[in-house]
Amino acid sequence: MSFDFALILDSIPKMLMGIGLTLQLLFLSLAIGTALAIILLLMRISGRWYLAAPTMVYIYIFRGTPILVQIFIIYYGLPQLEFVRDSIFWPILREPFGCAIVALSLNTGAYVSEIFRGGVLGVDRGLTEAGAALGLSARHRFIYITAPIAIRLCLPAYSNDVVSLMKSTALASTITLLDMMGIARTIVAETYAPYEVFLSLMVIYLIITWIIQRTFGWIEKRMSRHIRSEV
Amino acid sequence: MEVLTGWWDDFFWGSLVVVELFFVALFLTVLFGLIGAAAKLSNSRVAKAVASGYTIVFRGTPEILVLLLFYFGAAIILTSIAQIFDPAVKFVDFPPFWAGSLAIALIVGSYATETFRGAFLGVDPGQVEAARALGLSNLQTFIYVRIPAMWRLALPPFGNHMLSLIKDTALVAIIGLEETLFVAEQAIGYTAKPFTLYLVVGMIYLSFSTIITLSVMACEKYANRHLETAG
């Protein structure tokens with residue numbers, strides 16, 4: 001067994017050709033998933049059971065099953081159903097990219113909405129009560145008091161979820177997409193050099209994780225700058 | 001459900017493989033988590049550095065990448081060892097069960113490291129001091145004072161780790177272990193009903209997650225029974 005450095009230098013640029021797809025999967029499903037999470041959160045805390053109950057079932061199902069199974073159900077499974085093939089969503093669900101986005105967004109939406117709920121529940125009741133005493137409506141209390149504090153509270157957990165979403169994008173390689181993971185698997189199938197290729201890909205993923213964590217660390221610091229004690 | 005005729009037993013054995021994989025990986029996860037936490041809490045700078053390297057790498061790279069690296073990497077090492085003894089050997093296969101359980105356990109173990117470390121530091125120092133004052137030895141303090149307090153703190157996050165563990169077992173189908181997802185793929189080859197069959201896999205996993213969630217809730221209730229107030 002030997003370590004082939006020429007192969008590493010050769011395969012890194014090839015794998016980096018897939019970074020665009022990896023980042024597209026990450027940012028698109030993060031945006032859609034976060035929007036979905038906000039809708040789920042509002043339904044969940046609405047206090048109406050017919051809105052809260054479906055979101056609880058949704059979250060239970062999507063957090064209780066493997067993301068790989070969800071991807072397979074959407075990509076391989078849905079075309080079995082005739083009404084899916086006739087629906088307006090077919091152009092999206094026909095493509096592996098669309099399926100990956102749908103699966104990742106639905107999955108991350110369930111996780112993020114629970115994170116947001118944790119943030120909202122962490123807001124001191126006294127503050128919203130004070131808002132009510134000042135005559136703010138429920139909507140204004142949510143927008144001006146609860147939301148800003150809740151966002152700050154759930155940022156650390158949210159950044160962890162962004163990292164796990166980034167890790168999940170690698171599963172898109174199982175439905176024929178050539179993201180970084182998909183390209184790496186192709187190279188390994190051709191050269192049979194798993195160490196060189198997979199270890200260098202690990203380094204690339206670690207750098208992306210590091211960038212995500214640093215970015216969120218910076219945002220957190222900025223958002224709590226009013227709390228930081230002056231030296 | 002007539003699609004499942006003739007496949008029930010395969011799904012049953014597949015689920016059994018999932019359960020086996022789960023328990024083997026769970027044991028290894030606890031082991032790696034405890035070793036990692038001990039290393040992080042130790043005074044040795046080398047041990048600390050190795051443990052932080054471990055958590056950074058395994059929490060920052062996609063699970064599927066670690067799994068494939070282990071599976072193909074181990075096969076290469078085994079092949080080159082076998083070739084020392086018998087140059088005619090072309091390829092030695094590493095059992096996917098062990099590659100899978102090791103990879104999953106190392107990934108979830110890196111999360112468990114942080115959980116155990118946090119639980120150890122979360123024990124009220126006053127209790128430890130009280131144990132010292134009563135003349136308990138280090139070992140006695142650890143067994144009678146620290147562990148009962150620690151597992152109460154570690155239980156809720158550890159429940160989440162167990163959920164990640166059971167969901168990660170689905171990935172091992174990618175390297176050809178005959179668990180439920182793999183069974184479904186084979187059944188689809190005959191019946192051409194991917195949606196129904198993957199849905200069955202999803203339901204199997206959902207029931208496993210439910211069992212784990214309920215058991216953790218029961219354990220938490222038991223662990224915190226002294227805190228319950230009389231109704």
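Begin by selecting chain A, which holds eleven helices and zero strands, where helices (H or I, at least four residues) and strands (E, at least two) are DSSP runs numbered from the N terminus. What you see is a predicted model, in which local features need pLDDT of at least 70, side-chain atom pairs count only at pLDDT 80 or more, and totals for chains, interfaces and linings use all residues. Residues are numbered from 1 along each chain as its sequence is written, and chains are lettered from A and ligands numbered from 1 in the order in which they are written.

With chain A still selected, its C-alpha trace spans about 70 × 60 × 25 Å along the principal axes.

Next, select the contact between the chains, to which chain A gives 29 residues and chain B gives 30 residues; two residues are in contact if their C-beta atoms, placed from the backbone, lie within 7 Å. On the side of chain A that touches chain B, at least two residues come from each of α3 (49-64), α4 (67-77), α9 (138-168), α10 (180-191) and α11 (194-223), and the largest share, eight residues, belongs to α11(A).

Finally, move to Ala39(B), which sits in helix α1 (residues 8-41) of chain B. Leaving out residues up to four places away in sequence, Ala39(B) touches Ala47(B), Lys48(B), Val50(B) and Ala51(B).
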